[in-house]
Amino acid sequence: MRRGLSLRLGTLPSMFAPRRIQHCRVCGTATAYRVPADDNRERAVCGACGEIHYENPINVVGTVPVWGDQVLLCRRNIEPRHGMWTLPAGFLELGETVSAGALRETEEEAGAHVQLQELFTVLDVVRAGQLHLFWRARMLDTHLAPGPETIEARLFREDEVPWEQIAFRTVRQTLEHFFADRRAGRFELHTGQIG
Ligand SMILES: [Zn+2]
C-alpha cells in the first residue's frame, strides 16, 4: 500500500516543514497545536475529545543492488522527480522489519531478485522528518520486471551513473559511499545527516 502523494519521498520542502494534522483522527474535529501537560513540544491536540496526535519520523528503506561492477537504478514513473533515477526505496510498512521492507521495495520497483547484505547507510533527513536506510544487496540474476512506479530499471557502471539526474540526496550520497568503499576494497556502515 502507498501513502498519498503528500507524503511521498522528497515531497516536503527543503526548509523545516513538519507535517500538519488538521483534524482529529478519532472524532474529526479541528485540531490545534499546543504543548500538552507533561510534554515539551507542540502536538496536534483535539479540542473536542482531547486526543493528542504524536508524529514521528518516517522510515524510508531501500537497497543498492549490485551485479558485478554495476549497480541497479530505477527511473521514476511517479512524482516527485518523475523521470529521474533512484535506488529502489520506499516507505516502511507497519508489520514488517526494516530489512524486509527494503527487500519488498526492491522487488516492487525493479522486480529484481536480490539477497540482502549488510546495512550500508543510515541517513537522517531531519527537515523532511525521515530516516533513510539502505542495504547493499547482491543481485541473484539480471531479470528485471519494473513495477508501475518505475519507467525503466537498468544496470550502470560507475562511469555511466547519471549523477545529474539522481532524484534524492540520500541516494546520491549512498552511491558515492558505495563507489568510494569499493575502490577502497572495504565496505563499512555510513551514518550522516542530509540538509
Ligand atoms: Zn477528537
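## Terms and model

Two strands pair if DSSP finds at least two bridges between them. Strands (E, at least two residues) and helices (H or I, at least four) are DSSP runs, numbered from the N terminus.

This is a predicted model: local features need pLDDT of at least 70, side-chain atom pairs count only at pLDDT 80 or more, and totals for chains, interfaces and linings use all residues. Residue numbers start from 1 along each chain as its sequence is written.

## The chain as a whole

The protein chain has two helices and eleven strands. Read from the N terminus, the order of elements is β-β-β-β-β-β-β-α-β-β-β-α-β. Along the principal axes, the C-alpha atoms fill a box of roughly 60 × 35 × 30 Å.

A residue is buried if 20 or more other C-beta atoms lie within 10 Å of its own, exposed if 12 or fewer, and partly exposed in between, with C-beta atoms placed from the backbone. By this rule, 29% of the 195 residues of the protein chain count as buried. Two residues are in contact if their C-beta atoms, placed from the backbone, lie within 7 Å. Of the contacts with a separation of 6 or more, 64% are between residues 24 or more positions apart.

## The sheet β1-β2-β3

Three strands form an open sheet in the order β1-β2-β3, with antiparallel pairing. Because β1 (31–34) and β3 (52–53) stand at the edges, each with a single partner strand, one side of each is left without a neighbour in the sheet.

Strand β2 (residues 43–46) and β3 run antiparallel and are joined by two bridges. The bridge partner of Ala44 in β3 is His53.

## Strand β5 and its partners

Strand β5 covers residues 70–76, and five of its seven residues are buried. With strand β4 (residues 58–67), β5 pairs in the antiparallel sense over two bridges. Trp67 stands opposite Gln70 in β5. The hairpin of β4 and β5 has two residues between the strands, and Gly68 takes a positive phi near 60 degrees there.

β5 also pairs with strand β10 (residues 150–157), in the antiparallel sense and over seven bridges. Here Leu73 stands opposite Arg154 in β10. Two bridges join β5 to strand β6 (residues 85–86), again antiparallel, and Arg75 has Trp85 in β6 as its bridge partner.

## Glu158

Glu158 lies in the loop between β10 and α2 (169–184). Glu158 is partly exposed because 14 other C-beta atoms lie within 10 Å. Glu158 and Gln70 are 88 residues apart in sequence, while their C-alpha atoms are 7.0 Å apart in space.
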